[in-house]
Amino acid sequence: MIGQSTVLAAEFPPSVEDFYLPSILPWGAHDTYWFTKITLLVWVAVAVIIVFFLVSNRKPQLVPTKKQWMAESLYGFVRNNIAVEMIGPRGVAFAPYLTTLFCFILLNNLFGIVPLVQISPNSHIAFPALLAVISYVMFIYVGIRHHGGFFKYMKAALIPPAPWFILPLLIPIEFFSNFMVRPFSLAVRLFANMFAGHMLLLVFTLGGFAMISANAWLAPVAVVSWIMTMALTFLEFLVICLQAYVFTVLTASYVQGALADEH
């Protein structure tokens with residue numbers, strides 16, 4: 001029992017280093033994390049999305065096949081319920097990007113509950129941050145192009161219709177809200193939800209094994225821990241879908257704000 005406790009004390013709780021997955025490729029320095037499981041999952045997600053839409057629309061038919069129906073339904077959902085709903089008729093032009101964004105986030109999130117994979121690339125801050133930067137650059141570019149110049153866009157985005165004596169207070173608030181909080185909140189919201197879900201499933205799963213290893217009398221408690229893991233997996237599935245939807249909706253809302261003629 002003392003030996004088991006010593007092993008458990010050495011393995012639990014996990015350290016910060018456990019979040020740096022070892023490189024899959026054998027070459028490279030020992031502390032280089034270039035091609036890891038996370039990178040592989042992102043590449044797999046990109047390949048699956050490209051192949052799925054290419055195969056589904058290779059031979060489009062008036063009466064769609066199952067694959068064509070799935071692809072068209074997915075695109076139609078994002079186009080009608082996100083792009084057009086949030087942006088208006090001009091949202092159709094942004095539907096391809098928003099559909100790609102939704103599918104990419106959804107698939108990468110789903111990796112977190114797939115057996116033997118059980119980790120989402122979005123549980124590492126780098127990938128949500130990159131997605132947020134792409135959306136950030138896009139809506140700023142759209143705003144500059146729509147308003148006919150950088151300064152005209154900044155005027156429309158930063159100067160609200162308010163009395164002049166309040167503007168010195170409102171302009172810094174608008175700048176902080178529109179150009180600093182937006183990308184930060186996009187990235188952190190997605191990362192925090194995926195990271196928290198991953199940690200919860202990890203704690204309840206490994207907790208059951210830890211209790212059995214520490215004391216056989218704790219087996220009933222371990223079973224309860226694993227039942228909680230299954231229940232949390234269903235909850236995590238809802239969070240996975242919701243976060244993909246929320247990220248896409250917020251991106252569409254930022255584009256709508258950039259296209260607004262008035263503040």
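## The largest cavity

Asn109, Gly112, Ile113, Ile119, Ser120, Met194, Gly197, His198, Leu201 and Glu236 line the largest cavity, a cavity being a set of points on a 1 Å grid over the protein atoms alone where a 1.4 Å probe fits but cannot get out, with lining residues having an atom within 4 Å of a point. This is a predicted model, in which local features need pLDDT of at least 70 and side-chain atom pairs count only at pLDDT 80 or more, while totals for chains, interfaces and linings use all residues. Residues are numbered from 1 along each chain as its sequence is written, and side-chain values use heavy atoms, with hydrogens and water left out.

The largest cavity holds about 50 Å³ of space, where a volume is the space filled by probe spheres set on the grid points, which are joined across faces, edges and corners. Helix H7, which covers residues 167–214, gives the most to this lining, with four residues; helices here are DSSP runs of H or I with at least four residues, strands are runs of E with at least two, and both are numbered from the N terminus. Sorted by class, the lining of the largest cavity has four nonpolar, five polar and one charged residues, given that Ala, Val, Leu, Ile, Met, Phe, Trp, Tyr, Cys and Pro count as nonpolar, Asp, Glu, Lys and Arg as charged, and the others, Gly among them, as polar.

## The second largest cavity

By the same rule, the count comes to two cavities of 30 Å³ or more, and the second largest cavity has a volume of about 30 Å³. Its lining is made up of Leu186, Arg189, Leu190, Gln243, Val246, Phe247 and Leu250. Two elements, H7 and helix H8 (219–259), each give two or more residues to this lining, and H8 gives the most, with four residues. The lining of the second largest cavity divides into five nonpolar residues, one polar and one charged.

## The chain as a whole

The protein chain comes to eight helices and zero strands, and from the N terminus on its elements run α-α-α-α-α-α-α-α. Of the 263 residues in the chain, 35% are buried, where buried means under 20% relative accessible area, exposed means over 50%, and partly exposed lies in between, for a 1.4 Å probe and protein chains only. Among contacts between residues at least 6 apart in sequence, 65% join residues at least 24 apart, a contact meaning heavy atoms within 4.5 Å.

The structure holds nine aromatic pairs, which are rings of Phe, Tyr and Trp (its six-membered ring) with centres within 6.5 Å, counted as stacked when the planes are under 30 degrees apart, as edge-to-face when they are over 60, and as tilted for the rest. Phe52 and Phe53 form an edge-to-face pair, at 5.1 Å centre to centre and 75° between the planes. Phe52 is partly exposed, with a relative accessible area of 24%, and Phe53 is partly exposed too, with 23%.

Ser56 has its place in helix H2 (residues 37–56), and it is buried, with a relative accessible area of 3%. Leaving aside neighbours within four places in sequence, Ser56 is in contact with Lys67, Gln68 and Ala71.

## Helix H6 and its cover

In H6, the residues Tyr153, Met154, Ala156, Ala157 and Leu158 are buried, and what covers the buried residues of H6 includes helix H5 (126–147), H7 and H8. Phe175, in helix H7, is partly exposed, with a relative accessible area of 38%. Apart from neighbours within four places in sequence, Phe175 is in contact with Met154, Leu158 and Met180. Phe175 and Met154 are 21 residues apart in sequence and 9.0 Å apart in space, C-alpha to C-alpha.

Elsewhere, Phe77, Phe102 and Tyr245 form one aromatic cluster.

Terms used
1 Å grid on protein atoms, 1.4 Å probe; cavity = no way out; pocket = protein on both sides within 12 Å on 5 of 7 lines; lining within 4 Å.
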